[in-house]
Every structure is written in structure tokens, then in C-alpha cells.
Amino acid sequence: MANPGYGKRSAPAQLPRTERDFAHLPPREASIAAYVDRLPEGADISVKTLAKVLPYGQCALRTALNRLQEAGHLRRGSECVAHDEVLLWVTRTFFSRTARDDDWWAAFSRGDTPPERQRQRHPTRSRAFVLLAALGRTTPALTLSAADCAALEPQVTEWFERGATEAELLHALTDGLPAPVHHAAALVRRRLADKMPPERVAPARHRTALRTLECGECRTPGSAEALIGGRCGPCRGNPVDVPAGPAGTVPATGVRSRMSAVRAAMTPRSERIGHPTRSRLQ
């Protein structure tokens, strides 16, 4: 585990875990992403720590993490945690099993959780439908058809709206099953109705968080909109206009004309001291 405040932090509103979560990545990056995905909150995912448990060197791991960042699974940054009168900036590595685009990460850095889009394999399928469709993978006796999932989807959605987690819902559906299960859809429908949780009141927030993301290559903080793929403009190869000096600096091409104007505006010494200057020949 990392020091308090550091390490892995899971991004919110991720899709349920499946076997195809990282199929779009190369084999090395996919295996590293799957390992990081299963680590607990606050786990140390620095390249030195990962190199001790994974069959890759630090350079390979650093490259792989940068590629996960480009693919939308990872962002590095800092978060200001405020509690009572204490303000503390902590380093965070945000990880998302669900690939996100730059707009999503920008909204996340502002404290928003935008809806899923674009990179989902089934953008028309809800979180409730996906959970029901995957139920038979871990509990074969509860394998449901597509029609069953669509019919039970509203009940599962209501569970989520009441604040239930996926783990709580799966426990309610799979714990203490009869043997055999004669009608999986009827059993699931009955348990969803009988074990419906009460509406939960959101607890009062005692902490507020401000987030800032940083370039994954040079570690320079910046706005999320400027960190395309998690990298700043200079690290992406964009030219940088470096100012010649502080505000008001005269360009090199205008120095002579400026000095001539200054000399012309100067008061002669004879007028400053109140009497004419004698010639050096006298």
C-alpha cells in the first residue's frame, strides 16, 4: 500500500468487470491493466513496486502506464482534501477500468461525473442490463436470456437508484440458492422484489476535493483540456512561444529607435543645474 493519500484511486461510474475490458490493448498493457484494476484503493502502483511483482522492468512498466494513459484508463494528478481547517494536497493516480476520453477526464477534474459514451462496447445497454447478463458467468444456475434481462432491468435500476452497490445486489440474488433452480428469471424477480433495500439518505459531506491533473511525462500541472491524452503540448511536440522578457520589454529590432526617442526627450544638463555649461576649451 502507498502512503496515506497516495496510490491508486478508482474513477467513479465504471462498468461491471468483464473478460473483455482490456481486449483493445496490446497483451503487455492488458495484463498490467488487469492487475492494477484488481488492486485495492490506495495501493502503490509506482513502477518500482510493480516491477517487484510483475515480470517487466521499470522502463517497460513506465511505457505501459503511459500507454494506458493514452488509452484513457489512467490519469495522474493531485487532489486537495479539505477537512475542517486543514488543507492537504495529495498525489493521486486515477484508474478507470472503463476507457474514458479527454472530455470525461476534464469533467472529472472539475468534480463532475459525465455519462458514459463513445467507448462503451454496448452504449445502449444500461448498468442494470449488463449486471443481469453477466449473472450466469459466476452463477450458472441464474443464467438469463436477453428477454429476461430486459424484463428485470427496471427492478435492478431501482436498486441502484436507492444506493445499492453491485456487490450488495449480487449477494441478494445468489446467496442461499435452492437446488435445483427451476426458473432463474422467476427467482431473480422474486428476490429483487422481496429484498428491495430502503431509500438511503446521502450522508452530509465533511470533505470537499479539488483536483488538478498533470502531464504524465514531465509532471507539469495543467488544465485537463490542455492535457490531450494525458500529455501537455510541449511533450506532444507542439512549439512553445517563449517571451523575450517581462511585460513591456522592447523587441531587439526596436532598441535603436527607442534609445533615440529617449535621448531626444532628455533635458539638457545646463537646464537642469540652472546655468550654461562652459566650454572645455576655456
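I began with Arg 100, which lies over the face of Trp 104, 4.0 Å from the ring centre. Arg 127 does likewise with Phe 160, at 3.9 Å from the ring centre. My rule for a charge over a ring: NZ of Lys or CZ of Arg within 6 Å of the ring centre and within 35 degrees of the ring normal.

Notes on the source. This is a predicted model, where local features need pLDDT of at least 70, side-chain atom pairs count only at pLDDT 80 or more, and totals for chains, interfaces and linings use all residues. Residues are numbered from 1 along each chain as its sequence is written, and side-chain values use heavy atoms, with hydrogens and water left out.

Aromatic pairs next. I paired rings of Phe, Tyr and Trp (its six-membered ring) with centres within 6.5 Å; planes under 30 degrees apart are stacked, over 60 edge-to-face, the rest tilted. The count comes to 5 aromatic pairs. Phe 94 and Phe 108 form an edge-to-face pair, 5.1 Å centre to centre with 80° between the planes. This pair links distant parts of the chain: Phe 94 is in strand S3 (residues 86-95) and Phe 108 in helix H4 (residues 102-109), 14 residues apart. I took helices (H or I, at least four residues) and strands (E, at least two) as DSSP runs, numbered from the N terminus.

The cut-offs are under 20% relative accessible area for buried, over 50% for exposed and partly exposed in between (1.4 Å probe, protein chains only).

Trp 105 and Phe 108 have ring centres 5.7 Å apart and planes at 85°, so this pair is edge-to-face. Both residues lie in helix H4, 3 residues apart, about one turn of the helix. Trp 105 is buried, with a relative accessible area of 1%. Ring pairs link Phe 94, Trp 104, Trp 105 and Phe 108 into a cluster.

Then I looked up the nonpolar cores, sets of buried Ala, Val, Leu, Ile, Met, Phe, Trp, Tyr and Cys residues joined through side-chain atoms within 4.5 Å. The largest has 22 residues; among those touching the most other members are Leu 132, Leu 142, Val 156 and Val 188. Helices H5 (127-133), H7 (146-161), H8 (166-174) and H9 (184-194) each give two or more residues to this core. Beyond its neighbours within four places in sequence, Val 188 is in contact (heavy atoms within 4.5 Å) with Leu 132, Leu 135, Leu 142, Leu 152 and Leu 173. A second, separate core has 19 residues, including Ile 32, Ala 33, Ala 43 and Leu 68.

Last, Pro 178. Where does Pro 178 lie? I found Pro 178 in the loop between H8 and H9. Its relative accessible area is 43%, so Pro 178 is partly exposed. Pro 178 touches Leu 187 and Arg 191, not counting residues up to four places away in sequence. Pro 178 and Ala 141 are 37 residues apart in sequence and 9.7 Å apart in space, C-alpha to C-alpha.
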